[in-house]
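Subject: Structure for you to look at

Hello,

Here is the structure I said I would pass on. Please open it first, then read my notes below.

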Amino acid sequence: SSGTPAATGKSGFRAAFLQGIATNIANPKSIAFYAAVFSSAAPAHVSTPTFLAMLLEVAVIASLWYGLVALVLSHAPVAGAYRRSKAWIDRACGTLIIALGLRQLLSR
């Protein structure tokens, strides 16, 4: 459904935040990205505090990044430029995820 325009409506911060969390948790691209990054960059065995710190870091960075993206894309000219370039952006991100996966596969 990425080719169809998103429904726009007024909602509060809390509803929008919870919808964003649900969308990202259910997004297989996000899961594949983090799995590729963690499996290629993280040590094989880490302590529980280190693992929890890594998860906290991901949560903070993701919140800051998606918050910034939401603010930037809330401006009509930027949103229009993104919609025109969306297919190429999606292809580039998909290629990056595949490359990280191949790197992990071939490094074993």
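This is a predicted model: local features need pLDDT of at least 70, side-chain atom pairs count only at pLDDT 80 or more; totals for chains, interfaces and linings use all residues.

How many helices and how many strands are there in the chain? The chain has 4 helices and 0 strands.

Next, the surface. The chain has 108 residues, and 9% of them count as buried. Its accessible surface is about 8800 Å², and carbon and sulfur atoms account for 71% of that.

Part of this surface is a nonpolar patch formed by W65, Y66, L68, V72, L73 and V78. Together these residues have about 520 Å² of accessible area. Which helix gives the most to the patch? That is helix α3, residues 48-73, with 5 residues. V78, also a member of the patch, is found in helix α4. V78 has a relative accessible area of 35%. Because this value lies between the 20% limit for buried and the 50% limit for exposed, V78 is described as partly exposed.

Helix α4 covers residues 76-106 and also holds Q104. Is Q104 buried or exposed? Its relative accessibility is 15%. Buried means under 20%, so Q104 counts as buried. Leaving aside residues up to four places away in sequence, Q104 touches S39 and S40.

Regards

How values were computed. Residues are numbered from 1 along each chain as its sequence is written. Side-chain values use heavy atoms; hydrogens and water are left out. Helices (H or I, at least four residues) and strands (E, at least two) are DSSP runs, numbered from the N terminus. Buried means under 20% relative accessible area, exposed over 50%, partly exposed in between (1.4 Å probe, protein chains only). Contact means heavy atoms within 4.5 Å. Accessible areas come from the Shrake-Rupley method with a 1.4 Å probe; for residues, only the protein chains shown count as cover. Patches are made of residues with over 30% relative accessible area and no salt bridge: like charges are joined within 9 Å, nonpolar side chains (Val, Leu, Ile, Met, Phe, Trp, Tyr) within 5 Å. A salt bridge is a side-chain nitrogen of Lys or Arg within 4 Å of a carboxyl oxygen of Asp or Glu.
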